[in-house]
Number of protein chains: 4
Amino acid sequence: MITVLKSTATPEQREHLIRWLESQNVQVHISEGSEYTVLGLVGDTGHIDIELLESLDMVDSVKRVSEPFKKVNRKFHPDDSVISAGGVPIGGGHFQVIAGPCSVETREQIIGVAEAVKASGATLLRGGAFKPRTSPYAFQGLHAEGLELLREARAQTGLPIVTELMNMRDFDLFADVDVIQVGARNMQNFDMLRELGRTDKTILLKRGLANTLQELLMSAEYIMAGGNENVILCERGIRTFETYTRNTLDLSAVPVLHELSHLPVVVDPSHATGHASLVPSMAVAAAACGADGLMIEVHNDPIHALCDGAQSLTPAQFDALMGQVRRVREAVLS
Amino acid sequence: MITVLKSTATPEQREHLIRWLESQNVQVHISEGSEYTVLGLVGDTGHIDIELLESLDMVDSVKRVSEPFKKVNRKFHPDDSVISAGGVPIGGGHFQVIAGPCSVETREQIIGVAEAVKASGATLLRGGAFKPRTSPYAFQGLHAEGLELLREARAQTGLPIVTELMNMRDFDLFADVDVIQVGARNMQNFDMLRELGRTDKTILLKRGLANTLQELLMSAEYIMAGGNENVILCERGIRTFETYTRNTLDLSAVPVLHELSHLPVVVDPSHATGHASLVPSMAVAAAACGADGLMIEVHNDPIHALCDGAQSLTPAQFDALMGQVRRVREAVLS
Amino acid sequence: MITVLKSTATPEQREHLIRWLESQNVQVHISEGSEYTVLGLVGDTGHIDIELLESLDMVDSVKRVSEPFKKVNRKFHPDDSVISAGGVPIGGGHFQVIAGPCSVETREQIIGVAEAVKASGATLLRGGAFKPRTSPYAFQGLHAEGLELLREARAQTGLPIVTELMNMRDFDLFADVDVIQVGARNMQNFDMLRELGRTDKTILLKRGLANTLQELLMSAEYIMAGGNENVILCERGIRTFETYTRNTLDLSAVPVLHELSHLPVVVDPSHATGHASLVPSMAVAAAACGADGLMIEVHNDPIHALCDGAQSLTPAQFDALMGQVRRVREAVLS
Amino acid sequence: MITVLKSTATPEQREHLIRWLESQNVQVHISEGSEYTVLGLVGDTGHIDIELLESLDMVDSVKRVSEPFKKVNRKFHPDDSVISAGGVPIGGGHFQVIAGPCSVETREQIIGVAEAVKASGATLLRGGAFKPRTSPYAFQGLHAEGLELLREARAQTGLPIVTELMNMRDFDLFADVDVIQVGARNMQNFDMLRELGRTDKTILLKRGLANTLQELLMSAEYIMAGGNENVILCERGIRTFETYTRNTLDLSAVPVLHELSHLPVVVDPSHATGHASLVPSMAVAAAACGADGLMIEVHNDPIHALCDGAQSLTPAQFDALMGQVRRVREAVLS
């Protein structure tokens, strides 16, 4: 860690700061310049409160030289991690497509969609039973009943299931869920991450709407620091000023996360764009830039089907997309 | 609610959509234009899934005419709410200043700061015992011990205490906390909001880093919908591209929230700016534009005091600020 | 255009507004609801000042039903436009790669890079002679001499040249430039757009750092409204809170612009990401999602070559990328 | 300037880089750490291309220790600048209010508003004659005729005039304009800034919608570097995800710009919020946090007056606001 002191710092202030740093078990190397003094901090700087340090008046800036994350860091784990998602491997060359409806609604619906997406090549089934909703008056999901319907669809099709947990109090209901999704709004629910870190469930961790990639990795670190190394990262769009799309899908997240971490990266173009017509091109682009998987909404219910629209694809649209994704992946890998 | 249909919608599609809407107990008034058809939906439209409707291909746009929030809405509650914060009234002309250190560290620290801020006119004491930290390796607060020290400071000074709850599992520890803070990262932790709505604690709800004012009000609605009407809103800066300040303090939130809602609005300039030198001017500006209170970080520990900086003010700086705030409030109200 | 009036509007206010609208040559259809009144405006609403209308207290909201752009609109020009870039066609299935250094520096440099990128399959040469720089003290480009070197490189290789114009006063110097680039910072320099609209030069119009896709199309409309239909759109990243990449490349711009407009869309992953290591994956993703072309920085100068880094690719990296792009395009089109 | 090299840099790469830096007339001080090497660059680093340096693979990060701006820098000019705006001083304790309509429309309108705002205490008159409009089909202003009407209003009331220049080709028309406004969309029109730097006109420079405060100061530096020191800075809101207000007014810009620069800072709450009901509280807040002036839209035309709304205040609302602003300034200064 490097700390640049302002030239206005008095010798007493500097001395005081250096003693405080040393009391925290780091060695301090001083390098004087005419306009600045650089303190090089060596040792276990992970405990130093960088925000406190930065906020001191005598400090111009603080710069971490080593990343603040360890377990997720590719430097200490050069090979891609291959994570098991209910027996299906993801990462390290294993590409998987998670598909299904936004919410689980009925037995017919979830089993119908599961069979359709499986036939097109999806390898995991998604569907929400607990739904985070901006309004307390909106439909919040079928809860335990929804999880039961997902299990039936899994029994019928063999597809492992991915579904969102919003609250550790419901954790027991998720005992046999294959992949637990942590939603964008819970990406920095640190207590939840820490508790999931003490389980052995595979976690799909979605990037928050206003979170940097480094913050996403720090949240993954929370889970891994507890001992649970089964983490899949998911880019699903960030909040910007653009209003045509629901969010702005940040596909550069894929190569950046691959540079910084060994964990697999999945892309969700359905939530990111909010328009079915944009999903196929963004899905193909994600496959082209190296994503380890996709998460795609597919529906078969009449109100959607009628209108041939929505952020969800029809089974036929999904089937066409799967062919394109396969060809693009072959082209990139060849 | 108004739904604009595209001219490309077929009569069958329109008919299908109208029947679906009517099945949800809303009346549909049709108004035909040459380029568009407008459906006016009358009745209890709160259950209509606006995102689903918007996402249909045949739908150009959907516009709520009535706001989606009810209990927080000034329309149905024209007078300002006055909320009790441990016996101290806030809102409706009652202006309060919450002050104290970022984290509770030692008995001497918290009692020393509490006495100092009380002497300068603060009416509530803040201090973090459970700290949301981006890194799992950073100091996470003193937890139960920190709460105990806050209670001691309250006993000593009579100041009611405000502190953050990160997890409902810790709720019992907060039984005699006067005001429970829901942090920015938990603003859309809907399950937590719903559970807090079933308690009678006063809640200080901070705006999330990427959340609109309408979303903040919807989160307050979650708490109030459960029966707990003791909600204080807090603007604390949003995330933008500007890097000089830690966040961008959105002071227009104060008059906007006052237009839309009867709940009191507090401003936290310390977290928003991240620099002590900016706190006084932003605090005074907040008082000038009608905030019902301020939340200010004040420290008395040597590493901060040494440097006369950080986002925390010294007791002397805080004292000077309090005088300015008083004069500005008098000027605005006169 | 649809205008929703608040229920608080008095009959006199409504009457007054309707008369004002009619005085502007639009017909007004009134549709009354219990909570709102909808005014449907029919006729040439292009002259109505939507911001003024929106800002009236009696108006809840205003919604354009038809897009505000005409000449760029795919509705009135369903087929893709094919634009000539110095004789090279772009759009409508014609995919082109524009490559070259950030700035023109020396004869050796620009001719060397031009020959290298041509050998790898680039079809246009880029290079900055006039450079927009945040600091007045930074290198601003070789100006006329840079343009002369670009012409020499074109003579040598046959590649048409693309370079940025910052000021109409320099326009005469650009007389034989094949494609004039309007940079992100000039995207809303409306006078410049209008003047370029009166020329017959092919314009590469870059999206501004904080501009929506609709604003980009409105700026293209400025050029086309003057009679110049030779416009190529370029996505080059927008400004967000993420700091790992220089900007956030918004690839969903490609399918969105293709839906709304018939103009070709080029993607510049070099400026968007700011890191050479991210350029290839973003270039391949852009090709996969249907971009009509790429704009890639390639260098051959020692300070870059030494470090094998920067946002510019080496000729060898560029060559490898071109192969990948070709294979991905074949896969998508097959 | 400090450059941190990665530990992966080879000795040859380091040597090469250091020689390149020295060839640019800076001295390089090397400070070795176990995980990093810090290069301290001393001398005139203003010519070093920081973006190029940062983009090299061997470079971890580059940090300017001295700000990149000189003429605008408070360090080299500790006292507040007092700028003459047509004889009216602004800055250094001189607070001025610029008021008037958005666009100049008729003689009656501009003279009527000018007289009204003068009576309430405004000291400068604003009004747009050249209007930057997103759409080429919208009203673009009265141009020369609008400037003539402004001159008449000045003759009538004695108020100096402030109006926007969009294009240096129109500069001669602005010969006797007192303050030339550079709009948000032209904040990085570097050629225009450079040309204005060679004049002696007072320039009101508005912050761009996506520009940092440092970029605003660099644009002011462009003007001052040419010899024109008559620059007034203006905060007018930045673009964020919030949609309730037109832009997000960043009032922390006021104390930040005052810390970094000696130039006066004016705040425009009308464009920032887009709603008349929010203008007074934001104007008062701006006055409270130390702004050197305000820029307020005031109208007297029937379509606005009818509706008692819009982002423009009525003369009566403006008059009430002026009283509040005066009282708040007295309170802050006392």
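The questions and answers below concern a predicted model and its chains.

In this predicted model, local features need pLDDT of at least 70, side-chain atom pairs count only at pLDDT 80 or more, and totals for chains, interfaces and linings use all residues. Residues are numbered from 1 along each chain as its sequence is written, chains are lettered from A and ligands numbered from 1 in the order in which they are written, and side-chain values use heavy atoms, with hydrogens and water left out.

Me: How many residues of chain C are in contact with chain D?
Reply: Contact here means heavy atoms within 4.5 Å. Chain C and chain D bury about 5000 Å² between them, 53% of it on carbon and sulfur atoms, where buried area is the accessible area (1.4 Å probe) that two parts lose on being put together, summed over both. On the side of chain D the contact involves 57 residues, and on the side of chain C the number is 57.

Me: Which residue of chain D meets the side chain of C:Arg239 in a salt bridge?
Reply: A salt bridge is a side-chain nitrogen of Lys or Arg within 4 Å of a carboxyl oxygen of Asp or Glu, and the rule finds four of them across the interface of chain C and chain D. For C:Arg239 the N to O distance is 2.6 Å, and the partner is D:Glu215.

Me: With which side chain does the side chain of B:His258 make a polar contact?
Reply: B:His258 is found in helix 7 (residues 253-260) of chain B, a helix being a DSSP run of H or I with at least four residues, and a strand a run of E with at least two, both numbered from the N terminus. A polar contact is a pair of N or O atoms within 3.5 Å; within protein, one must be able to donate a hydrogen and the other to accept it, and residues adjacent in sequence count only if both atoms are side-chain atoms. At 2.7 Å, the partner is the side chain of B:Asp292.

Me: What percentage of the residues in chain A is buried?
Reply: Chain A has 11 helices and 14 strands, and its C-alpha trace spans about 75 × 45 × 40 Å along its principal axes. Of the 334 residues in chain A, the buried ones make up 66%.

Terms used
Buried means under 20% relative accessible area, exposed over 50%, partly exposed in between (1.4 Å probe, protein chains only).
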